[in-house]
Amino acid sequence: MIRTRSLVSDGSRLCRLAPLALPAAWGAVAVAWKFGCPLARQPGLPMRIATSVVFLSVGIGLVLGLRRGFARELARVRAVADATQQVLLRPPPARLDGLALAAGQLSASRGASVGGDLYEAVATPYGVRIVVGDVRGHGLAALGAVVAVLGSFREAAHDEAELAGVLRRLERALGRHLRERARDEHPARAGTAPEQPVAEEFVTLLLLEIRSDGRLSVFTCGHPGPYRLGRTAERLPVGEPLPPLGVLPLPAVLAPYTGARLRPGETLVLYTDGAEEARDHRGRFFALDTVLAGMCGAAPEALVREVHAALLHHTGGRLTDDTALLVVRNDRVRVPAQPAEPGLRRPRPAPSSHC
């Protein structure tokens, strides 16, 4: 096994050096011609020009060879990064238990397709459960907290019968991540676990459950509430907000807000605050509510695409914060009341007695 790995490593090194083989050989010939050939040492302008052309060709060949090698290496690194990002922040299925879904993210970090925002949707025996969150900060530095929260959600969403249990699991997972970061940043404290290991890092979160009849259960931890699109676009009520995860411990008693419903044909738009806080060159905020009001009948994929296009147009392509968007449309069919079969009589109500 060790010998196989060594052979593979040697082969990869040879592949990286292959573009330099021809310029290197040509350079060796040029040096040998310059110092070994009597003709090359003859005085005169033509011979100097010929020598300069030879060495200039060698230099250009070396530069092009290095550039080609770096381009291939960069392409391989990007392919690995794209695969990793797709696993971390995988796109939701187009349909999930009668719901149509679409999602997308715009990262403020150049060259990255994921950053400090997170989202996930899974079908469970308790309903479709969705999480949308935003780690303080943006870019690749926030990926550790994204991994901790998403990994915990993908397990807890299936294991916990109550939505409150899912939220507590997310809090514990984030706490473990912050303590591990604190130990890495302060090795002298490796034997102790500080009460607030990384006080400046926290996660705002929206945790949502959609049941088969469209009833919603919602927890919001410092996160903006979603929009509900029907005939009009309106902000969905989410109840009393909880503090962001990582700032303060969750209360001992957790009760989700259950006063909202997603009826057939209606759409939920969940997002991170980068969508509402984006500004143009004049400092004006992006009018997300106005954009959504004009897209009440749009499909989820088209809605994500159009909102992203409007956001990039508003900011001129210069984002200062990550922006995630997850759209859910209730495509479940409402079953009408069935009429009585012919020949069957409905029972008459018993006559009421009056005193």
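The stops below go from the nonpolar cores to a hairpin and then to a sheet.

Bear in mind throughout that this is a predicted model. Begin by selecting L167 and L205, the residues with the most contacts inside the largest nonpolar core, which has 28 residues. Then colour β3 (117-124), β4 (127-135), α4 (143-159), α5 (163-185), β5 (203-210) and β6 (216-221), each of which supplies at least two residues of this core. A second, separate core of 22 residues can be picked out next, with L99, L216, V238 and L268 among its members.

Select β6 now, where 6 of 6 residues are buried: L216, V218 and T220 lie on one side, and S217, F219 and C221 on the other, so that both faces are covered. Its partner β5 pairs with β6 in the antiparallel sense over 5 bridges, and L207 has F219 as its bridge partner in β6. Between these two strands of the hairpin there are 5 residues, and G214 takes a positive phi near 90°.

Move on to the open sheet, whose 6 strands run in the order β1-β2-β10-β9-β7-β8 with antiparallel pairing. Because β1 (95-96) and β8 (233-235) stand at the edges with a single partner strand each, one side of each is left without a neighbour in the sheet. Within the sheet, β2 (residues 99-106) and β10 (residues 323-330) pair over 8 bridges, and the bridge partner of A100 in β10 is R329. Finally, select α8 (residues 300-315), which packs on the sheet, touching β2, β7 (227-229), β9 (267-271) and β10, and whose direction makes about 20° with that of β2.

How values were computed:
Residues numbered from 1 in each chain as written. Predicted model: local features only at pLDDT ≥ 70, side-chain atom pairs only at ≥ 80, totals over all residues. Heavy atoms only, no water. Core = buried A, V, L, I, M, F, W, Y, C linked by side-chain atoms within 4.5 Å. Buried < 20%, exposed > 50% of the residue type's maximum accessible area, 1.4 Å probe, protein only. Helix = DSSP H or I, 4+ residues; strand = E, 2+ residues; numbered from the N terminus. Pairing = 2+ DSSP bridges. Contact = heavy atoms within 4.5 Å. Axes fitted to C-alpha atoms, helices over the stretch in contact; angles between N-to-C directions.
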